[in-house]
Amino acid sequence: MRAACARRRSAPRGGTPAPTACRRSPGRSARRSGRRAAASPPGVRARRPPAILPHHRSNPAGRGVGSPARQPRRRNASVSLLSVEDLVVRYGQGAGAVQAVDGVTFTVGAGEAVGLVGESGCGKSSLGRAILRLQPAAAGAVRVEGTDILSLPERRLVPYRRRLQMVFQDPFGALNPRQTLARLLETPLRVHGERDPLARRRRSLEMLARVGLPAAALHRYPHEFSGGQRQRIGIARALMLRPDLVVCDEPVSALDVSIQAQILNLLVELRGELGLACLFISHDLSVVRYFADRVLVMYLGRIVESADHATLWAAPRHPYTQALLAAVPRADPARRTPPAALRGDSGTARPATGCRFRPRCTAAGPHCATHDPALRAVAPGHFVACHLA
Ligand SMILES: Nc1ncnc2c1ncn2[C@@H]1O[C@H](COP(=O)(O)OP(=O)(O)OP(=O)(O)O)[C@@H](O)[C@H]1O
């Protein structure tokens with residue numbers, strides 16, 4: 001690590017801080033080569049190309065939210081689907097306040113899968129929830145095709161609620177145990193204006209089939225299903241309204257490895273079929289690597305590195321990302337030593353000045369103690385918040 005950081009010190013520093021434009025970048029060949037090298041979770045199939053037009057957008061004749069033939073949305077190609085700007089989420093007040101998200105900025109394009117990684121407590125869930133207005137933001141903006149949904153009154157928020165959905169880590173906690181699947185799946189359709197019960201039923205059967213559950217499941221309750229099946233129900237529910245973007249908050253963390261692979265494969269397939277954009281939150285780099293086109297690395301409430309997934313794995317520039325990658329276990333029979341552990345933990349050491357990763361960084365210098373590094377471009381599409389990068 002020390003040697004790697006010393007090499008970084010001699011790297012050119014230039015570049016302007018450009019925290020917003022974290023778009024998919026280098027060439028396809030780079031992505032392909034990274035993909036070949038990727039260590040997918042066991043049982044996970046190879047990535048498929050995403051961005052296939054969803055059927056409802058190709059048929060302009062239909063009416064109603066639940067109809068498979070809903071009116072297509074007009075998109076402004078120059079505006080990102082989702083644009084998060086200087087978002088701040090704070091818990092509590094005064095000296096005891098926790099700034100869980102501390103001025104985060106990024107974009108997600110239509111149909112793009114963005115991974116958000118970081119260790120426990122760095123603010124991933126708070127960020128995901130604030131984007132969906134499930135958690136109030138203290139400052140910043142969340143724009144959906146240019147409209148700041150944080151400033152909208154509840155009434156005007158309704159169409160955006162339909163377009164942004166969430167898949168939770170604990171599907172059981174997110175499903176009302178007193179409701180049958182029919183009710184769980186069809187209520188959002190009714191709330192969002194689908195008056196025809198037959199259309200609602202058609203859609204729920206269609207979604208059940210799509211996530212691999214039988215039609216008879218409609219009349220059963222969440223507790224009658226296994227963990228993996230419940231996550232399928234959570235996914236079906238999130239997709240009932242045909243959203244444009246789904247925030248998946250650790251959707252496979254609570255599942256055992258073989259079920260993880262099934263759910264990941266399902267998410268990849270659905271994303272490809274429906275052209276969904278995804279913000280995929282996870283602390284597991286191998287999962288994010290498999291799923292995401294672009295990866296944001298979060299540390300103590302800030303994005304500290306952002307790049308397309310091949311670049312991030314091949315040439316991570318932030319010492320935190322390097323440490324995270326070094327800590328990923330690899331199935332290598334020749335390797336006898338355990339993966340390198342990152343020293344300390346994020347909760348114990350948040351310095352008042354300078355770089356927030358400094359107490360855990362083996363290469364931190366005097367400048368790191370006094371100056372908080374901004375996210376800046378180190379290569380096209382690659383942004384790093386480190387003085388040494
Ligand atoms: N409701 C709350 N009240 C007070 N503090 C909170 C609350 N929710 C989260 N926090 C704090 O905010 C910080 C970020 O929490 P958050 O759950 O967003 O992190 P995370 O990266 O998603 O963690 P994990 O991966 O463990 O879910 C943590 O320090 C946490 O203790």
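This is a predicted model: local features need pLDDT of at least 70, side-chain atom pairs count only at pLDDT 80 or more; totals for chains, interfaces and linings use all residues.
**Ligand shell, sheet and helix packing**

Helix α4 contributes the most to the shell around the ligand, supplying three residues. The residues around the ligand are Tyr 91, Val 98, Ala 100, Gly 118, Ser 120, Gly 121, Cys 122, Gly 123, Lys 124, Ser 125, Ser 126 and His 283. Two elements, β2 and α4, each give two or more residues to this shell. By class, the shell comprises four nonpolar residues, seven polar residues and one charged residue.

Helix α4 spans residues 124-131 and lies across β1 (82-91), β2 and β4, running at about 120° to β1. The sheet itself is open and consists of four strands in the order β2-β1-β4-β5, with antiparallel pairing. Its edges are formed by β2 (98-108) and β5 (147-148); each has a single partner strand, so one side of each is left without a neighbour in the sheet. In general, strands of a sheet pair through backbone hydrogen bonds, in either a parallel or an antiparallel arrangement.

The pairing can be followed strand by strand. Strands β1 and β2 run antiparallel and are joined by eight bridges, with Ser 83 standing opposite Thr 107 in β2. These two strands form a hairpin with six residues between them, and Gly 92 in the turn has a positive phi of about 75°. Strand β1 is also joined to β4, again in the antiparallel sense, by five bridges; here Glu 85 stands opposite Ala 141 in β4. Strand β4, residues 139-144, pairs in turn with β5 over two bridges, also antiparallel. In this pairing Arg 143 is placed opposite Asp 148 in β5.

Two helix pairs were examined in the remainder of the model. In the first, helix α7 (residues 181-191) packs against helix α8 (residues 197-210) at an angle of about 125°, with the axes 9 Å apart. An angle of this value makes α7 oblique to α8. The crossing of α7 past α8 is right-handed. On the α7 side the contact involves Ala 182, Leu 185, Glu 186, Leu 189 and Arg 190, which meet Arg 200, Arg 203, Ser 204 and Met 207 in α8. The residues of this contact divide into four nonpolar, one polar and four charged.

The second pair consists of helix α9 (residues 227-239) and helix α10 (residues 257-274), whose axes come within 10 Å and cross at roughly 15°. Helices α9 and α10 are therefore roughly parallel to each other, and their crossing is right-handed. In α9, the residues Gly 227, Gly 228, Gln 231, Arg 232, Ile 235 and Leu 239 meet Ile 259, Gln 262, Ile 263, Leu 266, Leu 267 and Leu 270 in α10. This contact has seven nonpolar, four polar and one charged residues.

Note on methods:
Residues are numbered from 1 along each chain as its sequence is written. Two strands pair if DSSP finds at least two bridges between them. Two residues are in contact if their C-beta atoms, placed from the backbone, lie within 7 Å. Axes are lines fitted to C-alpha atoms, for helices over the stretch in contact, and angles run from 0 to 180 degrees between N-to-C directions. A residue is near a molecule or strand if its C-beta atom, placed from the backbone, lies within 6 Å of it. Ala, Val, Leu, Ile, Met, Phe, Trp, Tyr, Cys and Pro count as nonpolar, Asp, Glu, Lys and Arg as charged, and the others, Gly among them, as polar. Angles under 35 degrees count as roughly parallel, over 145 as roughly antiparallel, 65 to 115 as roughly perpendicular and the rest as oblique. A crossing is left-handed if the near helix is turned anticlockwise from the far one by less than a right angle, and right-handed if clockwise.
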